[in-house]
Amino acid sequence: MHEVGTDASGYLKVDVLEDFSSETVVTKADGGDPVFSLEVKSLRTGKVITVEDASTLSAEPLTLAVGRYSVTASSGEVQNAAFDAPVYAGSQEVQIKPDQTATANITCSLANTMVSVEFPAETSNMFTEYSVSVDNGAGSALVFSGANLERTGYFAVTGKLNWSVRMKNTDGLVYQAGPVTIENVKAKQHYKLQYQFGKDDLSNGAGVFSVILDESTNVLTYPLVLDFSDSGVPVITSDFDITNEITVPAGSSAEMKLFVTSQSGLKSLVLTQNNAELTAKGVASATELVDASAATIATLKAAGIEASSVAFGAQEATVSLTDMFAGLGMGSVPMNLVAIDTRNHYAEVPLNFEIISPVDAEAVSATPWARFAILKARWFTAERPSGLGFQYRKASSSTWCATTGAMSYNASAKTFTTELYGLDPDTEYIFRAVSTNDKETKEIHFTTESAGTVENLSFDNWYKDGSCWYPNAEGATKIWDSANPGTSSLGVVPTVPEESDVAVAGAGKKAARLESMKVTVVVITKFAAGNIYTGSFDKVSGVGAELDWGVPFTSRPLALRGYYKYQPKAIDMAESPYTGKKGEMDNCSIKIYLVDWEHQFHINTAKQVFFSDNDPSIIGMGDFTTNETSNGYVNFTLPIQYRTLDKKPTHIVIVGAASRLGDYFTGGVGSRLYLDEFSLVYDPASLTEEERELVGYRNQ
């Protein structure tokens, strides 16, 4: 049993009686009987209890604290306008008494207004299109046409309904009448909009719309005269081309007038617009010029639109847009001019204005990296101008240079881009778009990013503390570390400097030699991969180690480049979940991560707490592995594949390992990886096209 409240209580049962009648028809909700929900509101406290299905209370009453309640039943939410969406609702007050059951018998009737439309069958013999649009003045309209003519529309009650009719006959003439407003509209009313041909000969074109509310006493008729014998329709002409998109240079004052003529006289002449700047100047989205007020004409004039109030039945009218464009910025200005004559002939001219720059092309944006930038501009003419390109200079220089990179064009968006290589990091530049005809256009400033580096990427600097080697200059900030601090006390030093076998010879040149070894802790023998990483060794943890990965770094390189030499062994030590790898050839690993962290990432190999390649903090990463033996050093370029271009990194992690699965104590004892002369790549000109695509910097 439902229970609500802890004071003295009684019980509530609810029976919903469904009244599906309207003032003209008896109908029932589509899809069977509706499900009614309940809102039970205490008239003392205002607390509301909701019951999703009222029928459940017939068998299981609701327990309520004693008092008076308002009980409202509803079959759904009333939509502003929708086909086939009736909603029924009703309410009743009840008194709950101690240990007694009160029954609320709620009669639910239609909560919205119904509308249906009827055309006689012979309509299709004379008209190829016919429709009725209906709205309640509070939102979008329902259009009754085609298959929707058989449907019923339901509207939220606002006190009125507006309807208009549009018809096209077999000769292609379009007729439009309305909107007509019906006042005093209420819930539970059903308005039937019925079109009937007049009793006169159809060649005379008589027609009538009847709005039926009560078939016995309340029939509203609206005569609709469609004169089929008269082929004259309103004609709209202009002194400019209106057949396509109309491009107008910003600030233009060229003559742009529209002329309307009508043999039978104008009944309606409506100018519509959908431009935020015109709206801000007080111009309505639709302005009726027939019998327009002096205030309306003054508002149009203030916005640069010259028109006179057109008398009903006038045969001529002129609308001038000449002064409108001087006060508007660049962008779209969609407008329409609709004329309806006294015989309901209809004519419409769409006016799709695009206010463009008075120059051929204009700079739009720059997307700077450290040593290059992506430049973007647009053109404004209908056809792509000749000689489109870019010029740039340092902000500190007065000499303009032409870009030489390939141009990319987007004809639909009228934009063009190029990649400008060879820039200096942390430097302010200025660029502009040019064409054959235009040189002095909008200038945009941008500053390139920093081209950060990581100390000792050459692996030339090492120092020794006892038996432990560290890959940093002595006394310098610790950037690199390895497993050495955890194993050297046990007589195992997997990562050491290499002086004789280096990628680039010279005085003081060294490489990093990483070798996977066995290490015995008490009576336990574990696998220790030769490794090196940016960060620091924390401590030995059980039979593993705890490390802090990453060093501060805020730049965005495109790739990691360097040399490696690998001499793998077969995997002879393995732990779960990689015990099945025994006998396979070992793999080395080189990785780079650019990440967004608040602090270094703490790794615990004993507890298998590792950094995942799927971690959401990764901004970009590169990953290289191989199990092939190399006789000499191999030059590699590892593109950094960016996952987001909206963030800058806070830390960088570079990792090298002689055994890729060393974190899991799996690999081949004796696998040896040499690393030398690493560098970070910032110039895309030094990458192949395939490598540039992998980086993904063009995806911004």
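This is a predicted model: local features need pLDDT of at least 70, side-chain atom pairs count only at pLDDT 80 or more; totals for chains, interfaces and linings use all residues.

Biologist: Which residue forms a ring pair with Phe-611, and how is the pair classed?

Modeller: A pair of aromatic rings is described by the distance of the centres and the angle of the planes. The centres of the rings of Phe-611 and Tyr-593 lie 5.2 Å apart. Their planes stand at 85 degrees, and since an angle over 60 counts as edge-to-face, the partner is Tyr-593 and the class is edge-to-face.

Biologist: Is Tyr-593 buried or exposed?

Modeller: The relative accessibility of Tyr-593 is 2%. Because the limit for a buried residue is under 20%, Tyr-593 counts as buried.

Biologist: What class of pair do Phe-636 and Phe-678 form?

Modeller: Phe-636 lies in strand β50 and Phe-678 in strand β53, 42 residues apart, and this pair too links distant parts of the chain. Phe-636 counts as buried at 5% relative accessibility, and Phe-678 counts as buried at 6%. The ring centres are 5.5 Å apart and the planes stand at 85 degrees, so the pair is edge-to-face.

Biologist: Which element gives the most residues to the largest nonpolar core?

Modeller: The largest nonpolar core has 42 residues, and those with the most contacts inside it are Leu-560, Ile-652, Leu-675, Phe-678 and Leu-680. Several elements give two or more residues to this core, among them β46 (559-567), β47, β50 (634-639) and β52. The element that gives the most, with five residues, is β53.

Biologist: How many residues are in the second, separate core?

Modeller: This second core includes Val-319, Leu-337, Val-349 and Ile-355. Its number of residues is 36.

Biologist: Which element gives the most to the lining of the largest pocket?

Modeller: The largest pocket holds about 820 Å³ of space. It is lined by 41 residues, and the closest to its centre are Thr-605, Phe-610, Gly-662, Asp-663 and Tyr-664. The elements that give two or more residues to the lining include α5 (484-487), β43 (531-541) and β47 (588-595). With five residues, the one that gives the most is β43.

Biologist: Where in the chain is the cis peptide bond from Ser-576 to Pro-577 found?

Modeller: Most residues other than glycine have a negative phi, and most peptide bonds are trans. The bond from Ser-576 to Pro-577 is cis, with omega near 10 degrees. Pro-577 is found in the loop between β46 and β47.

Biologist: What is the phi of Asp-84, and is Asp-84 buried or partly exposed?

Modeller: Asp-84 is placed in the loop between β7 (81-83) and β8 (88-96). Its phi is near 55 degrees, a positive value in a residue other than glycine. At 32% relative accessibility, Asp-84 counts as partly exposed.

Biologist: How far apart in space are Thr-418 and Ala-366?

Modeller: Thr-418 lies in strand β33 and is buried, with a relative accessible area of 3%. Not counting residues up to four places away in sequence, Thr-418 touches residues including Ala-373, Leu-375, Phe-390 and Met-407. Thr-418 and Ala-366 are 52 residues apart in sequence, and their distance from C-alpha to C-alpha is 9.9 Å.

Technical notes: Residues are numbered from 1 along each chain as its sequence is written. Side-chain values use heavy atoms; hydrogens and water are left out. On a 1 Å grid over the protein atoms alone, a cavity is a set of points where a 1.4 Å probe fits but cannot get out, and a pocket is an open set with protein on both sides within 12 Å along at least five of seven lines; lining residues have an atom within 4 Å of a point. Grid points are joined across faces, edges and corners, and a volume is the space filled by probe spheres set on the points. Helices (H or I, at least four residues) and strands (E, at least two) are DSSP runs, numbered from the N terminus. A nonpolar core is a set of buried Ala, Val, Leu, Ile, Met, Phe, Trp, Tyr and Cys residues joined through side-chain atoms within 4.5 Å. Buried means under 20% relative accessible area, exposed over 50%, partly exposed in between (1.4 Å probe, protein chains only). Rings of Phe, Tyr and Trp (its six-membered ring) pair if their centres lie within 6.5 Å; planes under 30 degrees apart count as stacked, over 60 as edge-to-face and the rest as tilted. Contact means heavy atoms within 4.5 Å.
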